Amino acid sequence: MFIQGILNWLTLTSLTFNSHEHDDPLKRLGNLTPYRVAPAYHKVKAELPGDCSVDRVMLMHRHGSRGPAGSEEMRLISSLVQTLRDGHDALQDAHLPENLRFLQTGKGYESHLDPENLSIIGRQQLFNHGVEFGLKYPNFTTETLLSSPSQRVVDSMYFFAQGRFGREAKDKNLLTVKDIPGPVSWITPWTSCPGTNHHHASQVATDWSSLYLPSITERLNDLLPYGISFTDDDTHGALYACAYDLAARDESPWCDVFHANELADFEYEMDLIVDAITGYLTPNDAGPVMGSVFVKKLIDRFSNTGGEAQPLYLEFGHDTTIIAAIAAMGLNEDDPPLSPDELREHRRFRTSYQAPFAAQMVWERFTCEESFDGPQIRLVLNEETYPLWTCAETKHDRRFGTCSLDAFVRANKFSTDIEFGDDTWQAACGTHSGGLYVQG
């Protein structure tokens, strides 16, 4: 066990993404990033050996690009728009740098975002992913699709079904978790974890934003004329406007206003928020505990514990669904944990790669004639193999980022030991009224 632990530790320390230093900053906006293929891991093969075949697939798909979720994001963008309206006359005759001259055209910058709802870009993402999924797994089908009850997720399920099944989609059963009996859902576990709330995540975000926003505000105010002055809230609103304009129409004048390092600070804020909602920064390990529900469901299906496992599961949820599951497995854990006191540039927890809009978490069970013994498991996250380093036991495992199903089950004892309502669940989730609101 000691030697195996050392091997896993060495594997972890050597697992690196292919270089992302020159990555487009607009592909790194945290969980507000438009869908992107994840960077490949160095030295991890993208394709399985030729003698292997996949026999079971479980998809967890995040909804597509959406409008702002929650009143705070809309408040910040509205504050920015009002500041610009109040300073409209001052802006007209000002000598502005080229990347701010859009403020002098017509009415200047106006925001027409549709809060909460799936955007046209989001609809396109899900339709396209449905088509691509059908091309990759042409022999896998199902009669039932399942989603979170949030309308944007239900809509995402619908457009994916249109892409995957075409006219046959009308004959499929499109259900939400409300149609499934049980005390806790693996798609929305936070609805059964009432002791958690979003205030902790808000405070973590505030601690970090209070460090990085002032210098950006000062820089922008040096470029603006007398008669208009940004607050940190306005700067924050402009950063959100960049992300949500991209989500709505695939472009934003605000994105060119910010330097790459400033967008990196914003990305880190988004990571801190998600990490504090369903990741490693949640009090009492609530994130991993909630994610254990998904891990147990995955193991149950791939082990065929009940004897009724299907070859394909198509399910739709939130960024927090994906992150909670990954956190329960410890696959993107940072040591030490992320902190709002400083930017951690080289980190494993990165929602831009792991949970952008329309993220695809695909689990495959496969068997081989010679390359591997017995059932194996692989995670393909946003079209790239995500190494299962916590259960890798052989050189072959590490080369392909996979592990045996038996090893996977042993490595996830944290999840399999938890039962809904037991002492561990109660310690993490409590029994207070009012569930956690997740933007997703």
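Residues are numbered from 1 along each chain as its sequence is written. In this predicted model, local features need pLDDT of at least 70, side-chain atom pairs count only at pLDDT 80 or more, totals for chains, interfaces and linings use all residues, and side-chain values use heavy atoms, without hydrogens or water.

Student: How many residues does the largest nonpolar core have?
Tutor: Such a core is a set of buried Ala, Val, Leu, Ile, Met, Phe, Trp, Tyr and Cys residues joined through side-chain atoms within 4.5 Å, where buried means under 20% relative accessible area with a 1.4 Å probe, protein chains only. Leu84, Tyr240 and Trp254 are among the residues with the most contacts inside the largest core. Its size is 56 residues.

Student: At what angle do the axes of H7 and H8 cross?
Tutor: Helices are DSSP runs (H or I, at least four residues), numbered from the N terminus, and axes are lines fitted to C-alpha atoms over the stretch in contact, with angles from 0 to 180 degrees between N-to-C directions. The two axes come within 11 Å. Contact (heavy atoms within 4.5 Å) involves, among others, Tyr240 of H7 and Phe266 of H8. The axes of H7 and H8 cross at roughly 85 degrees.

Student: How far apart are the end C-alpha atoms of helix H9?
Tutor: The expected span is 1.5 Å times one less than the number of residues. For the 18 residues of helix H9 (residues 286-303) this should be 26 Å, and the model agrees. The end C-alpha atoms of helix H9 are 26 Å apart.

Student: Which residue takes a positive phi just after H9?
Tutor: Within H9, 14 of 18 residues are buried. Just after H9, the phi is about 55 degrees at asparagine 304.

Definitions and conventions: Buried < 20%, exposed > 50% of the residue type's maximum accessible area, 1.4 Å probe, protein only. Helix = DSSP H or I, 4+ residues; strand = E, 2+ residues; numbered from the N terminus.
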